[in-house]
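Thanks for coming. I have one model to go through today, and I will keep it short.

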Amino acid sequence: MTTPRLFGSLPGNGSASSHGADAERPLSELSLSFVPLAVVAEWTRCSEAADFVARYFAHDFGDRELAGNVLSTVVNELLENAVKFSSDKTVPARLIVREYAERMSIVSRNVTSPRQAAAFGDAVARLAHGDPEQMFADRIASPPETGGAGIGLIMLRKDYGAKVGVRVTPADGEGTAIVDVEVEIDNREVEGT
Amino acid sequence: MKLQLRSAESRGDIMRCRQLIAEVYNRDYDVVFSEDRYDLEAKVEPWPHRYLMGLCAGELVAACGLYMHDTYVERFGQVTDRDLRCVLESADVASEYDVTCRREFTKMSVRHDWRGRGIAPWLTGAAHSRHFTEVDTDRGVMVFCAKLSIIDNIFHRAGLRTRTIKEFPFYKVHELYRSPSDPMESRMIIPKLDIPGRWYELALPGEYELERLPRP
C-alpha cells in the first residue's frame with residue numbers, strides 16, 4: 001500500500017487552516033479530463049478552458065467579470081502546471097473545481113516522476129510558509145528553478161491569499177507519482193470584497 | 001527498413017503530425033505550440049502550414065513541416081527580400097527565382113524510440129521534393145534556420161547544399177536548442193542548384209527503402 005505525502009497549507013494536510021462545518025458537500029462542481037499533449041499542441045487551450053470554467057462559476061458571484069477574471073487566473077495556473085509537470089503527456093490529467101459557501105477549491109491531478117513530484121511538493125511547502133511578497137521579489141530577481149513551484153502559484157498566494165497544498169501518491173510499480181495540487185481561495189477574494 | 005512518405009492531407013493526419021512534433025519539441029526543448037498566438041519569448045511556437053509524414057508499417061515515426069508563407073526566418077530572423085536576392089545574385093540565378101515565393105522546411109521530428117536509424121537526414125532530403133514543396137510552380141526558393149551542428153549532421157548529410165543568409169537572433173524559445181558554441185543561422189537552399197535530383201524529383205507519396213546516408 002502506498003502512502004500519500006502532503007505538502008502545503010490545506011486543511012486536508014492537517015495544518016493551521018480549518019473550515020469546521022464548511023467541510024460539506026459542494027454547492028457546485030465541475031471536472032475536466034484532458035490530454036496534456038493536446039494542450040502542448042495548442043497552448044491557447046489552457047486559457048480557453050480556464051475562461052470556460054471561470055465563466056461557469058462566475059454566475060454565482062455579484063461581480064461576474066471580476067470573479068471570472070480571478071477564477072480564470074487560478075484555473076489557468078493549475079492547468080499549465082498539470083501540463084508542464086506531466087511526465088507522460090499522453091496520460092490524461094484532471095481538473096476539478098468545487099464551489100462551497102465560503103470558498104472555491106481548484107484541484108489539478110497529473111502523473112509525473114517521483115523526483116519531480118517531491119521537488120514540486122517541497123517548493124509548495126516553502127511557498128505555504130514563506131512570505132509571498134518576498135518570494136515574489138526573489139523570484140523576479142533570480143531565474144526560475146527547474147521543477148519548483150512557479151511564479152504563478154506565488155502570485156496566487158500574494159494577490160489572492162490563496163492556500164496551496166500538494167498531495168503526492170506513489171503509483172505502485174510504475175516509477176511514477178500522482179500529484180494533486182489544490183488551491184483554495186476565499187470567495188471574498190473572488191468577489192473583491 | 002521501409003519508410004512510407006506522404007503529405008498529411010486529412011484533419012486526423014495533421015493532428016497526428018502535430019502531436020508527434022509537439023511531444024518531441026516539448027520533451028527536448030520545453031516548447032509549446034499555437035495556431036495563431038505564438039510568442040517566442042514565452043516559448044510558444046507557430047505551426048507550419050504543411051506536413052510530411054514518415055510511416056513505418058502504418059505507424060507515424062517521424063514528421064516535418066513546411067511554412068508556405070510567413071516564414072520563420074522572415075518573421076523572427078529579420079531576413080528580408082533583399083537578403084534573399086543577394087544570395088541568388090551571388091549564385092548568378094537571381095532572374096530564375098521569385099524571392100517573394102519562399103518555403104521553409106521546419107520542425108523535423110523523429111520519435112525518441114525511433115532514433116539512431118538515420119531517419120532524420122533521409123526525411124529532410126525527401127521534404128525538399130518538388131512534389132512536397134511545389135517550388136517549381138511559382139519559382140520559389142527554400143529557406144530554413146537551424147544550429148550549425150544540425151546543418152552539418154542533417155542537411156549536409158542529406159546532400160543538400162546550404163547558403164548562409166545571416167545569423168539567427170537569440171530568443172528564449174531556443175535556449176535549450178542552441179548554444180554559444182553552436183549558434184543558429186538562417187540559410188537558403190536554391191532548388192535547382194542545391195537539391196540533389198534524387199530528392200528534388202522524389203515521388204510523393206511513395207514507399208522507400210531507407211538506407212543510411214554517409215556523413216559528409
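This is a predicted model: local features need pLDDT of at least 70, side-chain atom pairs count only at pLDDT 80 or more; totals for chains, interfaces and linings use all residues.

Residues are numbered from 1 along each chain as its sequence is written, and chains are lettered from A and ligands numbered from 1 in the order in which they are written.

The sheet, then. In chain B, 8 strands make an open, mixed sheet, ordered β8-β9-β7-β6-β5-β4-β1-β10. Helices (H or I, at least four residues) and strands (E, at least two) are DSSP runs numbered from the N terminus, and two strands pair if DSSP finds at least two bridges between them. At the edges are β8 (163–167) and β10 (206–209) of chain B, each pairing on one side only. From one strand to the next, the twist averages 30°. Axes here are lines fitted to C-alpha atoms, for helices over the stretch in contact, with angles from 0 to 180 degrees between N-to-C directions.

Helix α1 (residues 11–29) of chain B packs on this sheet and touches β4 (50–56), β5 (59–67) and β6 (102–110) of chain B, at about 90° to β5(B). Contact means C-beta atoms, placed from the backbone, within 7 Å. Helix α6 (residues 148–156) of chain B lies across β6, β7 and β9 of chain B, at about 120° to β7(B). As for β7 (residues 141–147) and β9 (residues 184–189) of chain B, they are antiparallel over 6 bridges; Phe144(B) has Arg187(B) as its bridge partner in β9(B).

How many residues of helix α4 (residues 119–126) of chain B are buried? The count is 8 of 8, where buried means 20 or more other C-beta atoms within 10 Å of the residue's own, exposed 12 or fewer, and partly exposed in between, with C-beta atoms placed from the backbone. The buried residues of α4(B) pack against β1 (2–7), β4, β5, β6, α6 and α8 (197–200) of chain B.

Next, chain A. Leaving aside neighbours within four places in sequence, Leu71(A) is in contact with residues including Phe57(A), Met104(A) and Val190(A).

Last, the contacts between chains. On chain B, 11 residues are in contact with 7 residues of chain A. Helix α1(B) gives the largest share of that side of chain B, 5 residues.

Conventions. Two residues are in contact if their C-beta atoms, placed from the backbone, lie within 7 Å.
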